[in-house]
Amino acid sequence: MQEIYSSTVPLLAVMVSLAAVPLIILSSRKPNLREFWTIAASVAKFGLVLSLLPGALQGRVASIRLFEIVPNVQLALKADAFGVFFALVASCLWIFTSFYSIGYVRGLDEHKQTRYFSYFAVCLSATIGIAFSANLVTFILFYEILTIATYPLIIHKETKVAIHAGRKYLAYTLTAGVFLIAAAAWTFQLNGNLDFVSGGLFQGHTLTAGTIVPLFFLFLIGVGVKASIMPLHSWLPTAMAAPTPVSALLHAVAVVKSGVFGVVRVVAFVFGPVLMRQFGLNIILMVFAGFTILVGSLLALKQDNLKRRLAYSTIAHLSYIVLGAGLVGSTALIGGMLHIAFHATMKITLFFCAGAIYVNLNRENISDLNGIGKVMPWTMGAFAVGSIGLSGIPPVNGFISKWYLGAGAIESGYVIFLVVLVLSGILNAAYFFPIVHRAFFRRGQGLKDHHEASPFLVVPLVLTAVLSVAFGIYPDLFFKFFKLTSRVAAGIFGGVL
Amino acid sequence: MMQNNAVALTPLIFLFAGIVIPLVAIKIRRLAYPVALLASLSAAAVSVYNLAAVLKAGTINYFFGGWLPPIGIEYVLDPLSAFMITVINNIAFIVLIHSGKIVEKEIPKHRIVPYYALVMLFLTGCNGIVMTGDLFNLYVFLEISSLSLYGIIAVGEKKAPVAAFRYLIMGTLGGGFYLLGVGFLYIFTGSLNMADVAGILSSLGAQPVVIVALSLMVLGLGIKMAIFPLHSWLPDAYTYAPSASSSIMAPIGVKIGAYGILRILFFVFGLKFVTQVFPITQVIAWLSAAAIIYGSIMAMAQDEMKRMLAYSSISQIGYIGLGIGLANPFGIIGAVLHVLNHGLMKACLFLVAGNFRIKLGHSKISEFDDTLRKKMPWTTTAFVVGALAMIGIPPTVGFFSKWYLALGTIQNKSWHFLAVILVSSLLNAVYFFRVIEKIFFKPLAERKKAQEDSPPGRMEVALSMLVPTLVFAAAILAFGLLNTILVKGILYKVLPPGLL
């Protein structure tokens, strides 16, 4: 079914942005050259990941084993279909974010831009490393590097608020890290093998509930913090103190998606469907996810700060993906995985819009956004597209993933979660559409002499909005996301490839 | 019988240097440092050679003067002692390179020669303790290392003599307890050779005298190891000693006590005795767990960086003690690996503290600001690497210590100890990120004002200080990534009988 071949491409894909870091630092006095390295690395990374796509679609898995990192566990990368899927999303959106970042930091004349671009590159290396990790120790390695590399970006502004946000972020994510280490060490003692296996790595072991349930909670806390499952979520809104491109890429794509990626890895590749159902772990997961979806959406309603509203919306949408994993069914899992990609394109659009508004008009509260659609039509148009998508209305891609999640809920026999999804859609509309309404249909003040933001900002956000619509009409466009996720689900639940 | 004399060489090199330094430096004071450096370089080289020989050919026994035990004194170079010696001598050599400049600055001119002589004697003691196969000989070396340490500490700041005096009292008590234990054991078994005593004890079982002897010896060595609650001498000693002294004793000094306990528990009294007959390992594990938490919490409250590192050492010694106390393969591997790992981390961080002192004149955390990053970019980078290792972020060495110790706790189903290890890395994060924040970030408004006052210029330390610091930082990453080679190649072989 799967053919594994040795290849250095996954390693190169991880390393290419890390290799750019010294170049970025060395050219710190020549901003244009420095930004060239960022762009070059992002394009190279995307190209490398893309080159793995055809193989992944045919079940050919590129893998590389470097050396033994701890006895019996290799430092190993494996570009399986799920890994390639996530890496594609992250590396593709990094290109957009790179251009956007240039416009953003120059537009605001930010300090320490070299540090900013360096750590951004490190974060992307770590994210691709997470995507391609072949076992738990490798996963933890990159997961912790991501934690540390994100920290300087969150405190970038170095205000009191930002430093406080950084502390909170570290407190949450480092705690999660030690839970994950404990979980991995325990798994190692039980199993002796930490390689991710489609359908679970405990196959052939008889384990009692007294072992499995605590172990599952260790894992759940370990990956749940970055996935911001309630009540582990509160770092995320605070981390919005970071510059907007950081919020956009890291808090809508790389960091939080690494968290939900981890949730899916844990559910489908560590425990597997059989154990999940046998010990009722799926119920635990679904309850947390359902709670987070509803409460996250409700909390989003009352935020006036645009980025904070987006943050709570992100929390809710991440749990769509967790729910997709928790329903433990092929269709639901496809929906969840698709939502990793589709939520990313939509949410990054919205964050880009928030950043463009901030750079251009220096406004960040929703109540100040009256009438800005007239001066920034492209930006607010893209914002409208993202809002429609996140509410789950066709033809934007959010509809597709939600459709599969809903179908999956029925298939697995938990119709209640279909209700949760519908409710959440209504809440999404309730907290996004008023913004669009304000922007286009209310009279604004102090907007004379203001125009659309710089093309560096507007072009990326329009492109991501267009992508969102394109994926909504044809999900297999460019990247064959649908085929990829179907293959992952087939590997886990069995079935025809 | 031909003997390989290289085995006995390392303590003798240091002993010889300790005698030669005062002799040659009477006339030419400048010679003290090169002689010390040369001695430690050759000892480091010999220890690496010995380690390779032991790994190839197995344990080497060296009989002084050709007298066979139990009459003569025996040196035993098994994988454990060969590994320890290699760690000690190599770290000492790199630290000594760094010492050159800072000793001249911090220690009065007329005391430099005796200082180096004492350092050599201290290292003689350390080497001897690790290599000897004789219980009384271990006491002798213990006293050599302690007596020289008193001098090394006392030469520091104004409060250093008091700190040294406290250590003198505690250390003497420790030595006394140990000797008393050895005495009991000698009366009972009639032998002082470790292997011989081990053989006799294995046929005897749980006699009260043996239990008392074991308790006294562990108590004595526990003071040397600064295991909670016998640690009270350590913070002052590390803080007020000159930077060069704290840099050499922090990575090495207390490990010797830990080694002594490991050796006596598992190689003299035996696994069964210390875990089942008289489960002293349980006591050690609990005390170590307390040390881990106590040290970390105290470290948070410190403003002086060296004092913070001292409390952090108390906590890290707890890791080693906990590994010993778990008394299972992963625990012992974790403990022995942590001797190396903590040696690298603490050496790196104490050298950083020394670099701050020599350039800023202090190492007070509250007075650090973000100009430091500009002034000393490499030193601050080394600090970050050391700090991340202490927190246990992969791929630094700290993560792997944690990994093996976690496996050890899970194997014993000691969930409470697993929790302690994990909580402690979070506590480490609190007190290290406190410093990182100080060095790297500052609210914008304050910075603009500060920059107008004094624009920061580059003032990195001299290469002879910078390179050792960076070597340790690089080693933290390299030994982390390559730890499996060490563990599989060496540490699988250090496991005591009964655990293999």
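Trainee: Which residues touch the most other members of the largest nonpolar core?

Mentor: Keep in mind that this is a predicted model. The largest nonpolar core holds 389 residues. Four of them touch the most other members: A:Phe132, A:Phe271, B:Phe269 and B:Trp403.

Trainee: Take B:Trp403. Which residues of chain A does B:Trp403 touch?

Mentor: Leave out residues up to four places away in sequence. The contacts then include A:Phe188, A:Ala184 and A:Ala185. Also on the list are A:Val70, A:Val137, A:Ile181 and A:Leu194.

Trainee: Which residues does the second, separate core include?

Mentor: That second core is separate and has ten residues. Among them are B:Ala289, B:Leu326, B:Val420 and B:Ile421.

Trainee: Now chain A as a whole. What is the radius of gyration of chain A?

Mentor: Start from the chain's 497 residues.

Trainee: What percentage of the residues of chain A count as buried?

Mentor: Buried means under 20% relative accessible area. Apply that to the 497 residues of chain A. The share that counts as buried is 66%.

Trainee: Is A:Ser27 buried or exposed?

Mentor: A:Ser27 sits in the loop between α1 (9–26) and α2 (31–51) of chain A. Beyond residues up to four places away in sequence, A:Ser27 touches A:Leu33, A:Arg34 and A:Trp37. Its relative accessible area is 5%. The cut-off for burial is under 20%, so A:Ser27 is buried.

Trainee: And is A:Asn72 buried or exposed?

Mentor: A:Asn72 lies in a loop too, between β2 (60–70) and β3 (73–79) of chain A. Its phi is positive, about 75°, although A:Asn72 is not a glycine. The relative accessibility is 54%. The exposed class starts over 50%, so A:Asn72 counts as exposed.

Trainee: What about B:Ala226, buried or exposed?

Mentor: B:Ala226 is found in the loop between α8 and α9 of chain B. Its phi is also positive, near 60°, in a residue other than glycine. With 0% relative accessibility, B:Ala226 counts as buried.

Trainee: Next, helix α13 of chain A. Where does α13(A) bend?

Mentor: Helix α13(A) runs over residues 330–361, 32 residues in total. From first C-alpha to last, the helix reaches 46 Å, close to the 46 Å expected. There is a bend of about 30°, and its place is A:His339.

Trainee: How many residues of α13(A) are buried?

Mentor: The helix is largely enclosed by the rest of the structure. That follows from the count, because of its 32 residues the number buried is 30.

Trainee: Which residues join in a cis peptide bond in chain A?

Mentor: Look for omega of about 5°. The proline involved lies in the loop between α8 (209–224) and α9 (235–238) of chain A. The bond joins A:Met230 and A:Pro231.

Trainee: And which residues does a cis peptide bond join in chain B?

Mentor: Here omega is about 0°. The proline is in the loop between α8 (208–225) and α9 (234–240) of chain B. The pair is B:Phe228 and B:Pro229.

Trainee: Last, the strands. Which residue stands opposite B:Glu74?

Mentor: Strand β1 (residues 60–63) of chain B pairs with β2(B) in the antiparallel sense, over four bridges. B:Glu74 belongs to β2(B) and points one way with B:Val76, while B:Tyr75 and B:Leu77 point the other way. Opposite B:Glu74 stands B:Phe63.

Methods. Residues are numbered from 1 along each chain as its sequence is written. Chains are lettered from A and ligands numbered from 1 in the order in which they are written. This is a predicted model: local features need pLDDT of at least 70, side-chain atom pairs count only at pLDDT 80 or more; totals for chains, interfaces and linings use all residues. Side-chain values use heavy atoms; hydrogens and water are left out. Helices (H or I, at least four residues) and strands (E, at least two) are DSSP runs, numbered from the N terminus. The expected span of a helix is 1.5 Å times one less than its number of residues. The bend at a residue is the angle between axes fitted to the seven residues ending there and the seven starting there. Buried means under 20% relative accessible area, exposed over 50%, partly exposed in between (1.4 Å probe, protein chains only). A nonpolar core is a set of buried Ala, Val, Leu, Ile, Met, Phe, Trp, Tyr and Cys residues joined through side-chain atoms within 4.5 Å. Contact means heavy atoms within 4.5 Å. Two strands pair if DSSP finds at least two bridges between them. The radius of gyration is taken over C-alpha atoms; the globule rule is 2.2 Å times the number of residues to the power 0.38.
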